Amino acid sequence: MGKIAIVTDSNSGITQDQGRELGVYVVPMPFYINDVMYLEGITLSQEEFYKRLMQDEKISTSQPSPGEVCGLWDNLLKEYDEVVHIPMSSGLSASCETAMSLARDYDGKVQVVDNQRISVTQRRSVLDAIELVKAGRSAAEIKEILEKEKLESSIYITLETLKYLKRGGRITPAAAAIGTVLNLKPVLQIQGGKLDAYAKVRGKKQAKRVIIKAVQEDLENRFAKYVQSGEMRLDMAYTGNLEEAEEFKKEVEAAFPGFDIHMDPLSLSVACHIGHGALAVTCAKKVTV
């Protein structure tokens, strides 16, 4: 069995320290704030990001440079036989497509996984990959398995403000203004790499109820057989509002007894587009090794 290195990016929510603990290599995502580049988790902390976002500073996302990605792979292949690279979903960033293009020059030694995940669901894919390596799977087999089950997950998110959706052109200024006056809170869904509208309700309290109901419906219908076999996992994420998220986590735990729920800050690449104060609940099937 060859030695396999697992690479992901900071969109997974896995920090540099956590990556070292897991034996995973984490590529930091670059951000530009007022045209100065920062690296998530290295020169840009969660706290600093939200402070500057809420001050309306000019923030844009980017992707790791080809040189940085190839340099990491080249170094890893001196020690490992193969590399499994798990970037954020191709539907949300060009970084996956770039990595797949670069991997063509590595004669199959680098397998880039496009399994349509982000944040805590992407983290779950990394943990699944670790187990698949332990089970003796090759890099190509790991890619095939993770991509085969890429749609066996859902993310539901509610937002504090419509400001950032308006700024990104996802809703019109008029719709944002009406929504703000009426205290409308959208519930969004990420599945298959797309950020789509799921529901629009009055107030955050109602939005939380809609999220819980949406997850319940997934577990009772789409994922019923996986629930019965004990293969489903629930996770949560938030954007800068830890105290509110911890309170919501208690509600989610009460609604889904028996699930061990992990919670992480949401990827900053997503937070750029939805702002501070978001809450998310996810469900994802555990890969069978």
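**Stop one: a strand and its neighbours**

Start by selecting residues 194–202, strand β10: eight bridges join this strand to β9, and the two run antiparallel. Strands here are DSSP runs of E with at least two residues, helices are runs of H or I with at least four, and both are numbered from the N terminus. Two strands pair if DSSP finds at least two bridges between them. Before going on, note that this is a predicted model, where local features need pLDDT of at least 70 and side-chain atom pairs count only at pLDDT 80 or more, while totals for chains, interfaces and linings use all residues. Residues are numbered from 1 along each chain as its sequence is written, and side-chain values use heavy atoms, leaving out hydrogens and water.

Now click Lys185, which stands opposite Val201 in β10. Thr158 has Val187 in β9 as its bridge partner. Color β9 (residues 184–191) by accessibility: seven of its eight residues are buried (under 20% relative accessible area, 1.4 Å probe, protein chains only).

**Stop two: a pair of helices**

Select α3 (residues 66–76) and α4 (residues 95–103), which pack at about 50° with axes 11 Å apart. That angle makes α3 oblique to α4, oblique being whatever is left after under 35 degrees (roughly parallel), over 145 (roughly antiparallel) and 65 to 115 (roughly perpendicular).

Finally, show side chains: Pro66, Val69, Cys70 and Trp73 in α3 meet Thr98, Ala99, Leu102 and Ala103 in α4, contact meaning heavy atoms within 4.5 Å.

Note on methods: Buried < 20%, exposed > 50% of the residue type's maximum accessible area, 1.4 Å probe, protein only. Axes fitted to C-alpha atoms, helices over the stretch in contact; angles between N-to-C directions.
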